[in-house]
Amino acid sequence: MVRPSVPAADRLIGVRRPVLSHGFVALVDYMGNDAAIVQAARVSYGAGTKAVRDDRGLIRYLLRHRHTTPFEMVEFKFLVRLPIYVARQWVRHRTASLNEYSQRYSVVPDEFDLPTPDEVRRQSSRNRQGRGDPLPPDVVERFRQDLTRVSAASYAAYQRALQDGVARETARLLLPLAYYTEWYWKCNLWNLLHFLSLRLDPHAQEEIRLYAAEIASMVKVVCPIAYEAFDDFVLHATLLGAKESVALSALLEGASVEQACARAGLPLVREDGKPMTSGEGIEFLEKLDGIKRSTRV
Ligand SMILES: Cc1cc2nc3c(=O)[nH]c(=O)nc-3n(C[C@H](O)[C@H](O)[C@H](O)COP(=O)(O)OP(=O)(O)OC[C@H]3O[C@@H](n4cnc5c(N)ncnc54)[C@H](O)[C@@H]3O)c2cc1C
């Protein structure tokens, strides 16, 4: 029996795709492809499924109906170099296996993440976790200079501590979040798609989104049909709650947006009469806007 492989994916193995100032993602290995998903699904459904659905149709059906285990038959292993502040977000995904570079065992290289001027922006007024409008160039430059100066001072203190004989596990306390770490990260396709759904989302921090985008581009090569289904039914899908469905139904019957939202109990106006800027009603309007702007077929 020949090990299933995807020639285009084999060419990706070991290629370090740069992310941020000193980071990268490389595909180390993968097991399975779209065919492995189909093979697993046909075990549970029996050979009869071949007649009613082709492979693409079957994978799309499985994803739509959250028949998840066939997707777990595909595995990916990556080598990732990333700043500690990104690693803290990434490590929250508990359904992967990882092995991290030991800062207790090895000396940390002198590399910290320095955002480009474009990446240093004002605190977002709408999203408490995000950034928004540009800042004056002198503010951006001061931030970048401060980060460079603080990092250089921290690394000098780290080196001094090591020279003084302080243990590496203690000396590393001197290093800020912008310093890099490295790990092997292994995950099955289902959990990886979940990671991508959260970390490609515009609400996720820009830096982790860049890593997620690189990973997504590799998943696409290994499992193009599964990725297409994910892109369609998860990434660019619009999930409506029960109230939102009521409001949409009212809109389809000809109600105005205000009437539809009132009928569904989705508030657009605050108690003091001022328009709301966030909340369920506003999120429904954003979903409608997304649907109106949708051009994917
Ligand atoms: C935009 C954004 C902002 C965030 N902000 C914050 C923040 O401010 N503070 C913060 O602490 N975190 C924050 N997080 C992290 C977030 O709360 C999740 O921990 C992270 O996204 C991992 O999601 P997950 O648990 O679904 O993934 P995984 O850990 O990969 O788990 C996948 C799925 O497995 C199941 N699962 C795994 N472990 C368990 C378990 N122990 N119990 C029950 N079910 C389990 C769940 O169904 C889960 O969805 C943020 C995440 C995002 C994307």
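User: What should I know about the model and the numbering?
Analyst: This is a predicted model: local features need pLDDT of at least 70, side-chain atom pairs count only at pLDDT 80 or more, and totals for chains, interfaces and linings use all residues. Residues are numbered from 1 along each chain as its sequence is written, and side-chain values use heavy atoms, with hydrogens and water left out.

User: How many aromatic pairs are there, and what makes a pair?
Analyst: Rings of Phe, Tyr and Trp (its six-membered ring) pair if their centres lie within 6.5 Å; planes under 30 degrees apart count as stacked, over 60 as edge-to-face and the rest as tilted. By this rule there are 12 aromatic pairs.

User: Why is the pair of W90 and F195 called tilted?
Analyst: The centres are 5.1 Å apart, with 40° between the planes.

User: What does the pair of W90 and F195 tie together?
Analyst: W90 lies in helix α5 (residues 84-90) and F195 in helix α8 (residues 189-199), so the pair links parts 105 residues apart in sequence. Helices (H or I, at least four residues) and strands (E, at least two) are DSSP runs, numbered from the N terminus.

User: Why is the pair of Y227 and F230 called edge-to-face?
Analyst: The angle between the planes is 65°, at 5.5 Å centre to centre. The cut-off is over 60 degrees, so edge-to-face applies. Both residues sit in helix α10 (residues 224-235), three residues apart, or about one helical turn.

User: How do you know whether Y227 and F230 are buried or exposed?
Analyst: Buried means under 20% relative accessible area, exposed over 50%, partly exposed in between (1.4 Å probe, protein chains only). Y227 has 6% and F230 has 2%, so each counts as buried.

User: Is R81 buried or exposed, and where does R81 lie?
Analyst: R81 is in strand β3 (residues 75-83). Its relative accessibility is 9%, so R81 counts as buried.

User: What makes the approach of R81 to H22 a polar contact?
Analyst: A polar contact is a pair of N or O atoms within 3.5 Å; within protein, one must be able to donate a hydrogen and the other to accept it, and residues adjacent in sequence count only if both atoms are side-chain atoms. The side chain of R81 reaches the backbone oxygen of H22 at 3.5 Å, so the distance meets the cut-off.
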